[in-house]
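Q: Please take a close look at one part of this model, namely the packing of its secondary structure elements. What lies against what, and at which angles?

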Amino acid sequence: MTDPLPIAEAAPAGPRRPAPGLFLEKAPLERYVAPCKPSLVGLSRDALAEALGSIGVPPAQRRMRVQQLWHWLYVRGAQSFDAMTSVSKELRALLDAHFTLARPDVVAQQTSVDGTRKWLLRLPGEHAGEAPHEVECVYIPEPDRGTLCLSSQVGCTLNCSFCHTGTQRLVRNLTAGEIVGQIMVARDRLADWAGAKDKSSSNVRLVSNIVMMGMGEPLYNFEAVRDALLVAADGEGIAISRRRITLSTSGVVANIARTGSEIGCMLAVSLHAVRDELRNELVPLNRKYPIAELLDACRDYPGVSNARRITFEYVMLKGVNDSTADAKALVKLLKGIPAKINLIPFNPWPGTGYACSDWEQIEKFSEIIFNAGYASPVRTPRGRDILAACGQLKSATEKLSARERLALRAMAMTD
Ligand code: SAH
Ligand code: SF4
C-alpha cells in the first residue's frame, strides 16, 4: 500500500531535535462525509431552523419549533423523535423520515476504580468499507465537579515530540456534531439529562466542566470547535458556562484572540519549556509562533483577568525541562500574566525517549512555583488503571487496527 502522507513519518519519536525542514503541520487525510440521513446532534439554532426549512416547515413556525427541538435535544437528551411529546405527531414523523438523533457509537466503555470513565467512540471514515475511526472521551468525577475531556481531531495536525498523538497522522477533523456528540454520549451514559430515570431530583449535573484536552489541536479545527462549544455553553440547553469550559492549545497564536472573542472560554496553553531552543524541540509549532509571541497573545487574551486566569501546562520531562533553573525562569516568564500553572507528570508511551521527572524533582519544581505565589497543583493521574490497561481494552476490541490502538494509548495523556 502506498503511504498517502509521508510527512507524519517525520515526527520525532524521542527527545531528538527534529530534522530541519520538518513539516510543522499535517494536512488531513480525509474529510467528513455526512450520511444521507444526517443527525441533528450538534446543530446550532440557525442550523436547526435551516434543517426544518429543508423539510418544509413554514418560516413562521420555525422559531417555535427550534425552541422545542433545542429543549428535547440539549436539555432532555432525547434519543428518538418519538420521545418529543410536545412536538406534533406529524412533525415527529417528518423529522424521523429525514434526520436522526445519532451520537457517535460507543465501542467500549471502561470505569476506573476512582470513578473515571472512558468511552471509545466510533466515527465514520470517508470511504465506504474502510475501517471506522476511533476517539476517546474521558469523564473525571471530583467532589466538586465532573470534567469531560473531549477530542477535536482524529490524530493531530501537530507533532509535539513527547506526545503520542503527535507521532500519528492527522486523519481528519471532527465535526461540531461529533464534538457535541461526545457530551451527549457522556450524559446518556451517566443518566445526566433533566428528567432522566435514575437522576436524583437535584439539578446538579454530573458533567459540569469541559476541557478540550483530548486528541487533536482544537485551534486547528477552530470553526467546528467554536460551534460545538457555543452549543455546549447555551444556557437553555447543555448549559455548561464558558467559565467551566477550558480549551487547551499548543500555541496556535493565529486563533488565540478568536478563541476569546468568539467562544469566550477559559484558555490553557501547553508551554512545556521556557526557552525557544527547547520548545522548538518539544512543540515544533514554536518555530512558527515563538514563546514571546505566544505570551503576548496570552496577555491580550480577551477577558483575561485575575479572576479568569490562563492555565499554563508544563509536562515534567526528566532531565529535559525540569531543573530548578527552569522553574525560576518559568516564574519570571509569566510575570504580569494572570496565570495558573499545571504541572503534568509525563505519561510514557511505547517507543518514547522521554521519562517522567522523579517525584522529588517535581516537588522541588512545584515548591519554587508555589513560593512565587502560584498554586501549582500537580495533576493527579486519574483512571490510571483503565488508561494503563490498553492491553485489556485490546482484548475487548481486538479488531482495532494498530493505529487505533496507538490512538488509544495516546489518550492516556488525558490524566
Ligand atoms: N493539542 C492540545 C490539547 C490536547 S493535549 C494541546 O497540546 O494543548 C492536552 C495536554 O496533554 C497538553 O498540555 C499536552 O501537551 C499534554 N500531553 C500530551 N502528551 C502527553 C504525555 N505523554 N504526558 C503528559 N502530558 C501530555
Ligand atoms: Fe497535538 Fe497537543 Fe499532542 Fe501536540 S500535545 S501533538 S498539539 S495533541
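A: An axis here is a line fitted to C-alpha atoms, taken for a helix over the stretch in contact, and an angle runs from 0 to 180 degrees between N-to-C directions. The model is a predicted one. In general, two packed helices are described by the angle between their axes and the distance between the axes.

With that in hand, consider helix α9, residues 324–333, and helix α10, residues 359–371: they pack at about 25°, and their axes are 9 Å apart. Angles under 35 degrees count as roughly parallel, and α9 and α10 are therefore roughly parallel to each other. The crossing of α9 past α10 is right-handed. On the α9 side, the contact is made by Thr324, Asp326, Ala327, Lys328, Leu330 and Val331, and α10 contributes Gln361, Lys364, Phe365, Ile368 and Ile369. Sorted by class, this contact between α9 and α10 holds 6 nonpolar, 2 polar and 3 charged residues.

Helix α10 also has a place against the sheet. It lies across β10 (310–316) and β11, running at about 180° to β11. The sheet in question is open and has 9 strands, in the order β1-β2-β3-β4-β7-β8-β9-β10-β11, with mixed pairing. Its edge strands are β1 and β11 (339–345), each of which pairs on one side only. Neighbouring strands of the sheet are turned against each other by 20° on average, direction ignored.

Helix α4 (residues 176–189) lies across β1, β2, β3 (133–142), β4 and β7, and its direction makes about 135° with β2.

Two further helix pairs can be described in the same terms. Helix α5 (residues 222–233) and helix α6 (residues 256–263) have axes that come within 10 Å and cross at roughly 25°, which makes α5 roughly parallel to α6. Here α5 passes α6 in a right-handed crossing. Phe222, Glu223, Arg226, Leu229 and Leu230 of α5 meet Arg258, Thr259, Glu262 and Ile263 of α6. This contact of α5 with α6 divides into 4 nonpolar, 1 polar and 4 charged residues.

Helix α1 (residues 45–54) and helix α2 (residues 59–74) pack at an angle of about 115°, with axes 9 Å apart. The crossing of α1 and α2 is right-handed. The α1 residues in contact are Arg45, Leu48, Ala49, Leu52 and Gly53, and those of α2 are Arg62, Arg65, Val66, Gln67, Leu69, Trp70 and Leu73. By class, the contact of α1 with α2 has 7 nonpolar, 2 polar and 3 charged residues.

Note on methods:
Residues are numbered from 1 along each chain as its sequence is written. Chains are lettered from A and ligands numbered from 1 in the order in which they are written. This is a predicted model: local features need pLDDT of at least 70, side-chain atom pairs count only at pLDDT 80 or more; totals for chains, interfaces and linings use all residues. Side-chain values use heavy atoms; hydrogens and water are left out. Helices (H or I, at least four residues) and strands (E, at least two) are DSSP runs, numbered from the N terminus. Angles under 35 degrees count as roughly parallel, over 145 as roughly antiparallel, 65 to 115 as roughly perpendicular and the rest as oblique. A crossing is left-handed if the near helix is turned anticlockwise from the far one by less than a right angle, and right-handed if clockwise. Contact means heavy atoms within 4.5 Å. Ala, Val, Leu, Ile, Met, Phe, Trp, Tyr, Cys and Pro count as nonpolar, Asp, Glu, Lys and Arg as charged, and the others, Gly among them, as polar. Two strands pair if DSSP finds at least two bridges between them.
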